[in-house]
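Welcome, and please take a first look at the sequence and the 3D structure. We will walk through them together, one stop at a time.

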Amino acid sequence: MNMEDMILVSIDDHLSEPPNLFENHLPPEFKSKAPRLVTLEDGTDRWVYEEYSLPNVGLNAVVGRPKEEYGMEPQSYAEIRKANYDIHARIDDMNVNGVLGSTCFGTLAGFGGDMFSKFGDRKTSLRMIQAYNDWHIDEWAAAYPGRIIPMAIIPYWDGEEAAKEVRRVADKGCNAISFLDNPAARGFPSVHDEHWEPLWQVCDDARVVINCHIGTGSEPPHPSDLSPMNAWITAMPISIANAAADWLHLTALQRHPNLKIALSEGGIGWIPYFLERAEFTFNHHIWTHVDFGGKTPSEVFRAHFLTCFISDRFGLQNYQSIGEDLIAYECDYPHSDCTWPYAPEQIWSEVKELPPPVINKVTHENVMREYSYDPFSILGRENCTVKALRAQATHVDTTPKSTPGFNPDRGNGVVTSGDVMRMFNSA
């Protein structure tokens, strides 16, 4: 096996929704209420919904920039690659990067998909959620069968309504939802609340994966305004451990054997210690009366969780301590951790010493199994490799494009957490 033989499927990518997202998916009485994209006098783009103005259209969509210009600043479609919002260009960028399949978190509704649950009346918000999901499934994913793993958003205010929407999208072939890693931190019921039981049941029945992205509830702690941004970035993936510990103790996992939680953008190298700590806590702190239904914490984790890596040499070398069946690849396109267009080179440098069956599991087979995703039946396996995909992308320009005037640190030297927070606050 060599690098060009790999088949790469990413379960954590992102998109910036196109301006015409709602055009084809709302009845006339709701079209005037839909979010609309407006361009402000300073050239920045924002979505406006009800009385709310929602920034962050392109924040952190830095693929295609020189690395010295990475940051959180692009706030218009003119500043980002077309592949952020155009599915045809996205497939080109996937091909040149050797990536076969992709699961895409949206930007408008947030990575946890909760924006419509916070704003607007319930009837309108539910209709917007349904329209958003129809666009994602029927346009974004359906444009290129076998290439996009569709992922839906849900209404958080009602567990029964959430279950109904998941059943509806599952019937359309969508086997994934985005979900807050800690809904209680955003004012919704805790994952331990019976509010969610209908959702757990339908996800179990329909084999729908619950995707929890870092920062969607248990946000990565912001050390101080003076802390170098690198300190914050370094710790961001590991912050998912807080949510992982909470989900691990979800008793619904004992009632629903097919329930799967994907920890998105969390890395894998921390998991051996996490499981060791969970085992120690379970056996030592018996006063807490925690019951895993006759299983150990490690057994529960390996039965119900999927984890993903961008670059994690240590975790991959220690895959046996994690579990080869619960590791998956993530590209994180178009965010600053993404290694586009050289993902195959980076991944191969970390997996080439592993047994070929393990390489296949962590690069695509685990995802195909858990997400009920079968691109081979549509495209043919021989057309899904890094080599085959890159052969279709010889026309794609990957030359870094500079943005005039882009200056994340404002000329002050080391970029700090405070610099980035001020970018967010000004937006």
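This is a predicted model: local features need pLDDT of at least 70, side-chain atom pairs count only at pLDDT 80 or more; totals for chains, interfaces and linings use all residues.

Residues are numbered from 1 along each chain as its sequence is written, and side-chain values use heavy atoms, with hydrogens and water left out.

Let us begin with strands. Helices (H or I, at least four residues) and strands (E, at least two) are DSSP runs, numbered from the N terminus, and two strands pair if DSSP finds at least two bridges between them. An open sheet is formed by three strands in the order S2-S3-S4, with antiparallel pairing. Strand S2 (36-39) and strand S4 (52-54) each have a single partner strand and stand at the edges, so one side of each lacks a neighbour in the sheet. On average, neighbouring strands of this sheet are turned by 35° against each other, direction ignored; the axes are lines fitted to C-alpha atoms, for helices over the stretch in contact, and angles run from 0 to 180 degrees between N-to-C directions. S2 and strand S3 (residues 45-49) run antiparallel and are joined by four bridges. Here valine 38 stands opposite arginine 46 in S3.

Five bridges connect S1 with strand S5 (residues 99-105), and the two run parallel. Within this pair, valine 9 is opposite glycine 101 in S5. Seven of the seven residues of S1 are buried, so S1 is largely enclosed by the rest of the structure. Buried means under 20% relative accessible area, exposed over 50%, and partly exposed in between (1.4 Å probe, protein chains only).

Most residues other than glycine have a negative phi, and most peptide bonds are trans. Glutamate 50, in the loop between S3 and S4, has a positive phi near 55° and is partly exposed at 36% relative accessible area. Serine 372 has a positive phi too, near 50°. Serine 372 sits in the loop between helix H15 (356-370) and helix H16 (376-379) and is partly exposed, at 46% relative accessibility.

Cis peptide bonds come next. One joins tyrosine 333 and proline 334, with omega about 5°. Proline 334 lies in the loop between strand S10 (327-329) and helix H14 (343-351). The bond from tryptophan 340 to proline 341 is also cis, with omega near 0°, and proline 341 is in the loop between S10 and H14.

Finally, how many disulfides does the structure hold? There are zero, where a disulfide is a pair of cysteine sulfur atoms within 2.5 Å. Cysteine 174 is buried, at 1% relative accessibility; its closest cysteine sulfur, in cysteine 203, is 10 Å from its own sulfur, too far for a bond. Cysteine 338 is buried as well, at 6%. The sulfur of cysteine 338 has its closest cysteine sulfur in cysteine 331, at 3.7 Å, which is too far for a bond.One stop remains, the second largest pocket, which has a volume of about 320 Å³. On a 1 Å grid over the protein atoms alone, a pocket is an open set of points where a 1.4 Å probe fits, with protein on both sides within 12 Å along at least five of seven lines, and lining residues have an atom within 4 Å of a point. Of its 18 lining residues, Ala245, His249, Arg277, Ala278 and Thr281 are the closest to its centre.

Key: Grid points are joined across faces, edges and corners, and a volume is the space filled by probe spheres set on the points.
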